[in-house]
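Below are some questions and answers about one protein model. Keep the structure in view while reading.

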Amino acid sequence: MSSRTIEMSDALYAYMHRVSLRESDVQRRLREETAALEYSMMQISPEQGQLMRMLTGLIGARRAIEVGVFTGYSALSVALALPEDGELVACDVSEEWTAIARRYWAEAGVAEKIRLELAPATETLDALLAEGRAGDFDIAFIDADKTSYDGYYERCLELLRPGGLVLIDNVLWGGAVADEDNRSEDTLALRALNAKLHDDARIELCMLPVGDGLTLARRRN
Ligand code: CA
(Lines give C-alpha, C1' and ligand atoms only; values in the text may rest on other atoms or scores of the structure.)
Protein backbone atom coordinates (compact mmCIF):
# COMPACT_ATOMS: atom_id res chain seq x y z
CA MET A 1 0.00 0.00 0.00
CA SER A 2 2.60 2.54 0.99
CA SER A 3 5.36 1.85 -1.51
CA ARG A 4 3.57 3.60 -4.37
CA THR A 5 1.39 6.65 -4.87
CA ILE A 6 -2.21 6.17 -3.85
CA GLU A 7 -4.95 6.00 -6.49
CA MET A 8 -7.55 8.72 -6.19
CA SER A 9 -11.26 7.95 -6.22
CA ASP A 10 -13.59 10.94 -6.62
CA ALA A 11 -14.55 10.60 -2.98
CA LEU A 12 -10.95 10.58 -1.78
CA TYR A 13 -10.05 13.52 -4.02
CA ALA A 14 -12.98 15.50 -2.64
CA TYR A 15 -11.91 14.59 0.89
CA MET A 16 -8.34 15.76 0.20
CA HIS A 17 -9.69 19.10 -0.98
CA ARG A 18 -11.99 19.41 2.03
CA VAL A 19 -9.20 18.95 4.54
CA SER A 20 -6.36 20.74 2.77
CA LEU A 21 -7.43 23.46 0.34
CA ARG A 22 -6.95 26.98 1.54
CA GLU A 23 -8.20 29.06 -1.34
CA SER A 24 -9.09 32.69 -0.95
CA ASP A 25 -12.46 33.85 -2.18
CA VAL A 26 -10.76 35.49 -5.20
CA GLN A 27 -8.96 32.25 -6.12
CA ARG A 28 -12.14 30.23 -5.82
CA ARG A 29 -14.12 32.64 -8.00
CA LEU A 30 -11.38 32.71 -10.64
CA ARG A 31 -11.35 28.91 -10.69
CA GLU A 32 -15.13 28.75 -11.00
CA GLU A 33 -15.29 31.35 -13.78
CA THR A 34 -12.57 29.45 -15.66
CA ALA A 35 -14.29 26.10 -15.14
CA ALA A 36 -17.19 27.40 -17.25
CA LEU A 37 -14.91 28.15 -20.24
CA GLU A 38 -14.45 25.85 -23.23
CA TYR A 39 -10.76 25.26 -22.43
CA SER A 40 -11.24 24.89 -18.70
CA MET A 41 -9.03 21.77 -18.63
CA MET A 42 -6.08 24.09 -19.16
CA GLN A 43 -6.46 25.39 -15.63
CA ILE A 44 -4.22 23.81 -13.02
CA SER A 45 -5.83 22.01 -10.10
CA PRO A 46 -6.22 24.02 -6.90
CA GLU A 47 -3.96 21.70 -4.91
CA GLN A 48 -1.26 22.27 -7.52
CA GLY A 49 -1.69 26.02 -7.11
CA GLN A 50 -1.32 25.61 -3.37
CA LEU A 51 1.83 23.50 -3.85
CA MET A 52 3.31 26.11 -6.18
CA ARG A 53 2.55 28.84 -3.68
CA MET A 54 4.31 26.89 -0.94
CA LEU A 55 7.34 26.10 -3.13
CA THR A 56 7.63 29.78 -4.06
CA GLY A 57 7.69 30.71 -0.40
CA LEU A 58 9.97 27.83 0.60
CA ILE A 59 12.77 28.91 -1.73
CA GLY A 60 12.27 32.54 -0.79
CA ALA A 61 11.54 33.46 -4.39
CA ARG A 62 11.48 37.14 -5.34
CA ARG A 63 11.49 36.86 -9.12
CA ALA A 64 9.42 34.40 -11.12
CA ILE A 65 8.62 33.48 -14.72
CA GLU A 66 5.49 31.91 -16.08
CA VAL A 67 5.19 30.51 -19.60
CA GLY A 68 1.50 30.02 -20.35
CA VAL A 69 -0.81 32.14 -18.23
CA PHE A 70 -4.28 31.14 -19.44
CA THR A 71 -6.74 32.80 -17.01
CA GLY A 72 -4.13 33.41 -14.35
CA TYR A 73 -4.75 30.95 -11.52
CA SER A 74 -1.17 29.65 -11.36
CA ALA A 75 0.34 33.14 -11.63
CA LEU A 76 -1.97 34.28 -8.84
CA SER A 77 -0.82 31.36 -6.68
CA VAL A 78 2.85 32.22 -7.19
CA ALA A 79 2.37 35.98 -6.91
CA LEU A 80 0.65 35.57 -3.54
CA ALA A 81 3.88 34.08 -2.19
CA LEU A 82 6.19 36.75 -3.65
CA PRO A 83 7.23 39.73 -1.51
CA GLU A 84 5.66 43.13 -2.15
CA ASP A 85 8.54 44.14 -4.43
CA GLY A 86 8.53 40.72 -6.14
CA GLU A 87 8.31 40.30 -9.90
CA LEU A 88 6.52 37.74 -12.03
CA VAL A 89 7.10 37.89 -15.77
CA ALA A 90 4.01 36.24 -17.23
CA CYS A 91 4.14 35.12 -20.88
CA ASP A 92 1.10 34.41 -23.00
CA VAL A 93 -0.31 35.23 -26.42
CA SER A 94 -4.02 35.41 -25.60
CA GLU A 95 -5.58 38.82 -24.90
CA GLU A 96 -8.88 37.18 -24.21
CA TRP A 97 -7.79 34.76 -21.49
CA THR A 98 -5.31 37.07 -19.83
CA ALA A 99 -8.02 39.75 -19.57
CA ILE A 100 -9.71 37.43 -17.09
CA ALA A 101 -6.38 36.93 -15.32
CA ARG A 102 -5.76 40.67 -15.00
CA ARG A 103 -9.17 41.22 -13.45
CA TYR A 104 -8.51 38.71 -10.67
CA TRP A 105 -4.87 39.75 -10.14
CA ALA A 106 -6.10 43.29 -9.52
CA GLU A 107 -8.78 42.08 -7.15
CA ALA A 108 -6.27 39.96 -5.22
CA GLY A 109 -3.88 42.91 -4.92
CA VAL A 110 -1.01 41.25 -6.79
CA ALA A 111 -1.27 43.08 -10.14
CA GLU A 112 1.73 45.28 -9.27
CA LYS A 113 3.95 42.21 -9.02
CA ILE A 114 2.98 40.74 -12.40
CA ARG A 115 4.31 41.94 -15.74
CA LEU A 116 2.23 40.38 -18.49
CA GLU A 117 4.07 40.00 -21.80
CA LEU A 118 1.68 39.32 -24.68
CA ALA A 119 4.12 37.81 -27.17
CA PRO A 120 5.49 34.38 -28.05
CA ALA A 121 7.22 33.28 -24.85
CA THR A 122 10.43 32.38 -26.65
CA GLU A 123 10.78 36.03 -27.68
CA THR A 124 10.14 37.28 -24.15
CA LEU A 125 12.61 34.82 -22.61
CA ASP A 126 15.24 35.66 -25.23
CA ALA A 127 14.71 39.36 -24.50
CA LEU A 128 15.29 38.74 -20.77
CA LEU A 129 18.52 36.89 -21.60
CA ALA A 130 19.58 39.71 -23.93
CA GLU A 131 18.96 42.19 -21.08
CA GLY A 132 21.53 40.28 -19.06
CA ARG A 133 19.06 38.67 -16.70
CA ALA A 134 20.56 35.16 -16.78
CA GLY A 135 20.69 33.80 -13.23
CA ASP A 136 18.30 36.48 -12.03
CA PHE A 137 15.15 34.44 -11.37
CA ASP A 138 14.20 32.02 -8.60
CA ILE A 139 11.34 30.03 -10.04
CA ALA A 140 9.74 29.34 -13.43
CA PHE A 141 6.54 27.55 -14.37
CA ILE A 142 6.16 26.10 -17.87
CA ASP A 143 2.61 25.31 -18.99
CA ALA A 144 2.13 26.19 -22.66
CA ASP A 145 2.46 24.55 -26.11
CA LYS A 146 4.09 21.19 -25.49
CA THR A 147 6.23 21.06 -28.63
CA SER A 148 8.07 24.19 -27.44
CA TYR A 149 8.66 22.92 -23.90
CA ASP A 150 12.28 22.00 -24.48
CA GLY A 151 13.09 25.50 -25.73
CA TYR A 152 11.28 27.06 -22.78
CA TYR A 153 13.07 24.76 -20.37
CA GLU A 154 16.53 25.61 -21.70
CA ARG A 155 15.85 29.34 -21.54
CA CYS A 156 14.27 29.19 -18.08
CA LEU A 157 17.16 27.14 -16.73
CA GLU A 158 19.55 29.82 -17.92
CA LEU A 159 17.45 32.58 -16.38
CA LEU A 160 17.39 30.83 -12.98
CA ARG A 161 19.93 31.22 -10.20
CA PRO A 162 21.64 28.09 -8.88
CA GLY A 163 19.09 26.46 -6.56
CA GLY A 164 16.24 27.92 -8.59
CA LEU A 165 13.31 25.78 -9.59
CA VAL A 166 11.71 25.04 -12.96
CA LEU A 167 8.22 23.55 -12.69
CA ILE A 168 6.92 21.78 -15.79
CA ASP A 169 3.26 20.96 -16.17
CA ASN A 170 1.42 18.10 -17.90
CA VAL A 171 4.43 15.78 -17.92
CA LEU A 172 2.20 12.69 -17.57
CA TRP A 173 -0.11 13.95 -20.37
CA GLY A 174 -3.21 12.03 -19.32
CA GLY A 175 -1.16 8.84 -19.32
CA ALA A 176 -0.31 9.13 -23.04
CA VAL A 177 3.45 9.30 -22.39
CA ALA A 178 3.37 5.68 -21.21
CA ASP A 179 1.31 4.47 -24.19
CA GLU A 180 3.78 3.46 -26.89
CA ASP A 181 1.07 3.57 -29.53
CA ASN A 182 0.46 7.24 -28.85
CA ARG A 183 2.76 9.16 -31.18
CA SER A 184 1.07 12.54 -31.33
CA GLU A 185 3.43 15.49 -31.64
CA ASP A 186 2.66 16.67 -28.12
CA THR A 187 3.16 13.21 -26.63
CA LEU A 188 6.47 12.74 -28.45
CA ALA A 189 7.67 16.15 -27.25
CA LEU A 190 6.78 15.45 -23.63
CA ARG A 191 8.22 11.94 -23.74
CA ALA A 192 11.48 13.26 -25.17
CA LEU A 193 11.72 16.03 -22.59
CA ASN A 194 10.98 13.65 -19.71
CA ALA A 195 13.74 11.32 -20.93
CA LYS A 196 16.15 14.22 -21.37
CA LEU A 197 15.53 15.55 -17.87
CA HIS A 198 16.07 12.12 -16.37
CA ASP A 199 19.67 12.27 -17.61
CA ASP A 200 20.19 16.01 -17.16
CA ALA A 201 23.11 16.44 -14.74
CA ARG A 202 22.44 20.20 -14.45
CA ILE A 203 19.40 19.63 -12.26
CA GLU A 204 17.98 17.76 -9.30
CA LEU A 205 14.81 16.06 -10.48
CA CYS A 206 11.46 15.14 -9.01
CA MET A 207 8.28 14.21 -10.90
CA LEU A 208 5.05 14.44 -8.95
CA PRO A 209 1.71 12.85 -9.89
CA VAL A 210 -0.08 16.10 -9.05
CA GLY A 211 -2.67 17.29 -11.55
CA ASP A 212 -1.55 15.98 -14.93
CA GLY A 213 2.00 15.39 -13.69
CA LEU A 214 4.36 18.09 -12.44
CA THR A 215 8.12 17.99 -12.79
CA LEU A 216 10.36 19.89 -10.39
CA ALA A 217 13.80 20.58 -11.80
CA ARG A 218 16.17 22.35 -9.43
CA ARG A 219 19.16 24.01 -11.01
CA ARG A 220 22.37 22.73 -9.45
CA ASN A 221 24.84 25.48 -10.33
CA1 CA B 1 -1.34 22.58 -17.91
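Q: Where is the place of Trp 173?
A: This is a predicted model, in which local features need pLDDT of at least 70, side-chain atom pairs count only at pLDDT 80 or more, and totals for chains, interfaces and linings use all residues. Residues are numbered from 1 along each chain as its sequence is written, and side-chain values use heavy atoms, with hydrogens and water left out. Helices (H or I, at least four residues) and strands (E, at least two) are DSSP runs, numbered from the N terminus. By that numbering, Trp 173 has its place in the loop between E5 and H8.

Q: Is Trp 173 buried, partly exposed or exposed?
A: The classes rest on relative accessible area: buried means under 20%, exposed over 50%, and partly exposed in between (1.4 Å probe, protein chains only). The relative accessible area of Trp 173 is 24%, so Trp 173 is partly exposed.

Q: How are H3 and H4 directed relative to each other?
A: Two packed helices are described by the angle between their axes and the distance between the axes. Axes are lines fitted to C-alpha atoms, for helices over the stretch in contact, and angles run from 0 to 180 degrees between N-to-C directions. The axes of H3 (residues 46–58) and H4 (residues 73–81) come within 8 Å and cross at roughly 30°. Angles under 35 degrees count as roughly parallel, over 145 as roughly antiparallel, 65 to 115 as roughly perpendicular and the rest as oblique, so H3 and H4 are roughly parallel.

Q: What is the handedness of the crossing of H3 and H4?
A: A crossing is left-handed if the near helix is turned anticlockwise from the far one by less than a right angle, and right-handed if clockwise. The crossing of H3 and H4 is right-handed.

Q: How do the residues of the contact of H3 with H4 divide by class?
A: Contact means heavy atoms within 4.5 Å. On H3 the contact includes Pro 46 and Arg 53, and on H4 it includes Tyr 73 and Ser 77. Ala, Val, Leu, Ile, Met, Phe, Trp, Tyr, Cys and Pro count as nonpolar, Asp, Glu, Lys and Arg as charged, and the others, Gly among them, as polar. The division is six nonpolar, five polar and one charged.

Q: How are H2 and H4 directed relative to each other?
A: Helix H2 (residues 25–35) packs with H4 at an angle of about 165°, and their axes are 10 Å apart. H2 passes H4 in a left-handed crossing. The contact involves Val 26, Gln 27, Leu 30 and Arg 31 of H2 with Tyr 73, Leu 76, Ser 77 and Leu 80 of H4. The angle makes H2 and H4 roughly antiparallel.

Q: How many of the nine residues of H4 are buried?
A: The buried residues are Tyr 73, Ser 74, Ala 75, Leu 76, Ser 77, Val 78 and Ala 79. H4 is mostly covered, and the number buried is seven.

Q: How many disulfides does a search of the whole structure find?
A: A disulfide is a pair of cysteine sulfur atoms within 2.5 Å. Cys 91 is in no disulfide, as its nearest cysteine sulfur, that of Cys 156, is 7.6 Å away. The sulfur of Cys 206 is 18 Å from the closest cysteine sulfur, in Cys 156, which is too far for a bond. The number found is zero.

Q: In which strand is the place of Thr 215?
A: Thr 215 is buried, because its relative accessibility is 2%. Not counting residues up to four places away in sequence, Thr 215 touches Cys 206 and Met 207, among others. The strand covers residues 214–219 and is E7.
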